[in-house]
Each structure stands twice: as structure tokens, then as C-alpha cells.
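Welcome! Take a moment to look around the model below, and then let us walk through it together.

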Amino acid sequence: METFYSIPDGVTRSLKVHACIDGTALVPFDPLGILSEQLKSQGLTVEKNDDEHNLTDPCWWADHRNKFDWVIACTMGLSQYSEHILEYGMQISREGIAVLDRLSFIEPVAKRRTFLLTHKLSNMIVLNPRPRFRAIGSTKDSVTSCWFIFRSPDQWMDQTQVSFALDWDRLDQLPPLPL
């Protein structure tokens, strides 16, 4: 599988700021280490996998059961593996799963229908402006992207919290005004 998507700086920071994700995380597929390094810079303890064959291996997933608070993944470009990442990720994590994908991810297509009907979406973080994910080719992804957070049943809330990560790409805060 070719690595087609890159994750811009700041996208991961919005996950930490808007959903209070911390602790330990398994990144199930990150061959370039981009997502893993960004999560580490946000204070998470991260283990990453760069072997795509592990994604479809139930024994690999079972070996990681209850070792991580979170499974965090960018599923853009991984459509053939997204079902494995979602289902197995929820089964092995203590807190839940955070998925970076297009807004259309929440449409209950056949592949995700059971997952979306079974697991509650606790947080949705809409990224604005649209991040530039494509490392090759066009300069922007064609649709709005979001972080989707699904929490374990003991962490469920009564509603989905929708937040907007406005200016997520502005990493530096403005300096305070002089007194």
C-alpha cells in the first residue's frame, strides 16, 4: 500500500484540545510515523504499527487488548482496512477510538453501518480550514474533515458533542498585549 496522505501539523492538536484525549494510544497503521509523532508531541504515549498485514490479523489485535487507552487512526486512504480498525479498535481499547476522516464517514454505508449503529459517537471535531492531506497531487482534500471519537460504553454520554477546530493550522498563539 502506498502512503498517499500526510497529516498537517495542528490537526492532532485539535484532538487533544477539543476531546481531552490523553494517556496511551495505539496507532494501528502509520508507516511514516507522522500521526504517532504528532500524538507524542501532545503528551500521549504511543505505539505504532507499520505492517498493513497486522490490520486484518485478529491475533495481532488481541495481543493489544486493554494495553491502550485509545486507538487513534487516520482512515483516509485505508478503506479496505477501516472496518478492521473500527471494530477491533473498539474491542481492544480501554477508552475508545478516535478516527480522522472525511465528514462523509458518518454516512451509514454498508461497511460502517453496523459499527455506527452499535457504537455511540461522543465527539465530532470539525476542522476548519480544510486541511491539506494529499502529499501527492492536488493541494486540498475535496471535503471537510473531522475527528470522530467513539467511547467505550462505560464512557458514553447522552449526546454527541460537536466542536469546531477553527484555525487549527494556527499553531502559534498571538502574544499578549503589553500592559
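Trp 61 counts as buried, because its relative accessibility is 1% and the cut-off for buried is under 20%. This is a predicted model, so every value here describes the prediction. Tyr 88, with a relative accessible area of 22%, is partly exposed. Here are the two residues side by side:

| Residue | Relative accessible area | Class |
|---|---|---|
| Trp 61 | 1% | buried |
| Tyr 88 | 22% | partly exposed |

What do these two have to do with each other? The structure holds 5 aromatic pairs. In one, the ring centres of Trp 61 and Tyr 88 are 5.8 Å apart and the planes meet at 45°, so the pair is tilted. Distant parts of the chain are linked by this pair: Trp 61 belongs to helix H3 (residues 58-62) and Tyr 88 to helix H4 (residues 82-92), with the two residues 27 residues apart.

There is also an aromatic cluster to find, formed by Phe 105, Phe 115, Phe 148 and Phe 150.

Now for the wider view. The protein has 5 helices and 7 strands, and starting at the N terminus their order is α-β-α-β-α-β-α-β-α-β-β-β. Of the contacts with a separation of 6 or more, 74% are between residues 24 or more positions apart.

How much of the protein is buried? Of its 179 residues, 45% are buried. The accessible surface of the protein is about 9,500 Å², and carbon and sulfur atoms account for 51% of that surface.

Methods:
Residues are numbered from 1 along each chain as its sequence is written. This is a predicted model: local features need pLDDT of at least 70, side-chain atom pairs count only at pLDDT 80 or more; totals for chains, interfaces and linings use all residues. Side-chain values use heavy atoms; hydrogens and water are left out. Helices (H or I, at least four residues) and strands (E, at least two) are DSSP runs, numbered from the N terminus. Buried means under 20% relative accessible area, exposed over 50%, partly exposed in between (1.4 Å probe, protein chains only). Contact means heavy atoms within 4.5 Å. Accessible areas come from the Shrake-Rupley method with a 1.4 Å probe; for residues, only the protein chains shown count as cover. Rings of Phe, Tyr and Trp (its six-membered ring) pair if their centres lie within 6.5 Å; planes under 30 degrees apart count as stacked, over 60 as edge-to-face and the rest as tilted.
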